[in-house]
Amino acid sequence: MPIQRYTSTPFSVINMLSDLLQAFLVIRFVFILFHANATNWLVKMVYGVTLPFVSPFASIFTPTRVNGLTVEWAALLSMIAVAIVTVFLMSALRLVVSIAEEAEEEEYERIQHHRHRHRHA
């Protein structure tokens, strides 16, 4: 059975938001790489959505021009940061879920043990 990336779980919400943000960052990278028209509504929207995620990295490296193309390092660093944060969130969520499942299992066993004792009393 294939693993589904998106189901109705909190894990899917994190994956979906991460994938959506990564897609916007890739589009931003391509727009800047090929000097997209910054006055175009779609380009403005992509830049606006991604700016809060790219701006913390903007002063680390200046964009590089190579053969007429512009490489925006901040967008690439932002993609890496989003991937790292996503892994961290997924790990934290897995930990919380496993603790909750363990507590639920213990409670179930306690109830079953209590019922068993009352039947034989």
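Reply: Helices (H or I, at least four residues) and strands (E, at least two) are DSSP runs, numbered from the N terminus. This is a predicted model, where local features need pLDDT of at least 70, side-chain atom pairs count only at pLDDT 80 or more, and totals for chains, interfaces and linings use all residues. Residues are numbered from 1 along each chain as its sequence is written, and side-chain values use heavy atoms, with hydrogens and water left out.

Me: OK, what caps the N-terminal end of helix 2?

Reply: N40 does, with a side-chain oxygen 2.8 Å from the backbone nitrogen of L42.

Me: And how far does helix 2 reach from its first C-alpha to its last?

Reply: Helix 2 has 14 residues and spans 19 Å, close to the 20 Å expected (1.5 Å times one less than its number of residues).

Me: Where does helix 2 bend?

Reply: At G48, by about 30°, and a proline, P52, follows within four residues. The bend is the angle between axes fitted to the seven residues ending at a position and the seven starting there.

Me: Which residues of helix 2 are buried?

Reply: V43, V46, Y47, T50 and V54. Buried means under 20% relative accessible area, exposed over 50%, and partly exposed in between (1.4 Å probe, protein chains only).

Me: Stepping back, in what order do the elements of the chain run?

Reply: From the N terminus, α-α-β-β-α, with 3 helices and 2 strands in the chain. Of its 121 residues, 25% count as buried.

Me: Which residues are in the largest nonpolar core?

Reply: There are 10: L21, L25, F29, L33, V54, V71, A74, A75, M79 and V82. Helix 1 (10-33) and helix 3 (73-119) are the elements that give two or more residues to this core. By nonpolar core I mean a set of buried Ala, Val, Leu, Ile, Met, Phe, Trp, Tyr and Cys residues joined through side-chain atoms within 4.5 Å. A second, separate core has 6 residues, including F24, F31, V43 and Y47.

Me: What is V54 in contact with, leaving aside its neighbours within four places in sequence?

Reply: L25, R28, E72, A74, A75 and S78, where contact means heavy atoms within 4.5 Å.

Me: Switching topic: is T86 buried or exposed?

Reply: T86, which lies in helix 3, is buried, with a relative accessible area of 12%. A polar atom of its side chain lies 2.7 Å from the backbone oxygen of V82.

Me: What joins the side chains of S18 and T86?

Reply: A polar contact of 2.8 Å. S18 is found in helix 1, and S18 is buried too, at 8% relative accessible area.

Me: Last thing, the loops. What is phi of H35 near?

Reply: Near 55°, a positive value in a residue other than glycine. H35 lies in the loop between helix 1 and helix 2 and counts as partly exposed at 39% relative accessibility.

Me: And where does N67 lie?

Reply: In the loop between strand 1 (64-66) and strand 2 (69-71). Phi of N67 is also positive, near 50°, and N67 is exposed, with a relative accessible area of 80%.

Note on methods
Polar contact = N/O pair within 3.5 Å; in protein donor to acceptor, adjacent residues only side chain to side chain.
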